[in-house]
Amino acid sequence: MKRDGVVEVSSVMARLSGHYERLLDGLMLVACLLLLGMSVMIGADVVSRNLGAGGVAVSNELSEDILYLMTLLAAPWLLRQGQHIRVDIILRILPTRVAWMLEWVGDIVGLLCCLYFVWYGALVTVARYSAGSIVIKTLITPEWWTLAPLPVGFVLLGIEFIFRMHRLAVAEIGLRDDAVSAA
């Protein structure tokens with residue numbers, strides 16, 4: 001029988017996880033809309049160049065930035081859904097308890113990597129902001145605009161790793177079934 005405090009924490013985590021999942025769904029929708037916009041922009045660029053109208057000058061530059069932003073927006077949702085790249089062949093042949101412990105190791109390493117990228121991304125973003133660095137291509141923009149989404153994206157990924165660890169802690173010992181590859 002679980003103690004009241006453990007049940008209460010699990011209840012709070014479940015509610016927070018539900019709210020967080022809705023946030024991730026919204027961010028994935030934004031990523032999808034960015035993909036749609038990028039596709040339309042590239043198509044317009046190709047058509048206008050072929051018609052001799054010169055093309056959409058910023059399409060290459062914006063496409064690069066959109067791909068980067070889409071990746072950061074979609075990554076936490078993909079992690080939650082188990083749609084990220086996951087090679088679990090070894091986990092499936094190991095004893096259950098060993099595989100379960102390795103799931104913990106993977107989540108902890110993932111969280112630590114996220115924390116590093118949050119720290120480093122914030123450090124670089126602040127440094128570029130302080131230096132007044134600009135990117136000069138077709139568009140001229142402050143460099144920190146491009147760098148700012150990096151720490152935010154990794155904060156979101158780190159939060160998902162915390163939720164993954166909670167789901168692992170309250171589940172039966174064994175391989176996770178909440179985010180796995182198609183096995």
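**Close-ups of a predicted model: pocket and cores**

**View 1. The largest pocket comes in at about 230 Å³.** Of its 14 lining residues, Arg86, Leu91, Glu103, Gly106 and Arg164 lie closest to the centre. A pocket here is an open set of points on a 1 Å grid over the protein atoms alone, where a 1.4 Å probe fits and protein lies on both sides within 12 Å along at least five of seven lines; lining residues have an atom within 4 Å of a point. Points are joined across faces, edges and corners, and the volume is the space filled by probe spheres set on them. This is a predicted model, with pLDDT of at least 70 needed for local features and 80 or more for side-chain atom pairs, while totals for chains, interfaces and linings use all residues. Numbering starts from 1 along each chain as its sequence is written, and side-chain values use heavy atoms, leaving out hydrogens and water.

**View 2. Helices around the largest pocket.** The largest share, four residues, belongs to α4. By type, the lining splits into seven nonpolar, two polar and five charged residues, with Gly counted as polar.

**View 3. The largest nonpolar core.** Among its 14 residues, Tyr20, Leu27, Ala31 and Ile66 touch the most other members. A core joins buried Ala, Val, Leu, Ile, Met, Phe, Trp, Tyr and Cys residues through side-chain atoms within 4.5 Å, buried being under 20% relative accessible area with a 1.4 Å probe, protein chains only. Two or more residues each come from α1 (4-50), α2 (59-81) and α6, and α1 gives the most, eight.

Methods. Buried means under 20% relative accessible area, exposed over 50%, partly exposed in between (1.4 Å probe, protein chains only).
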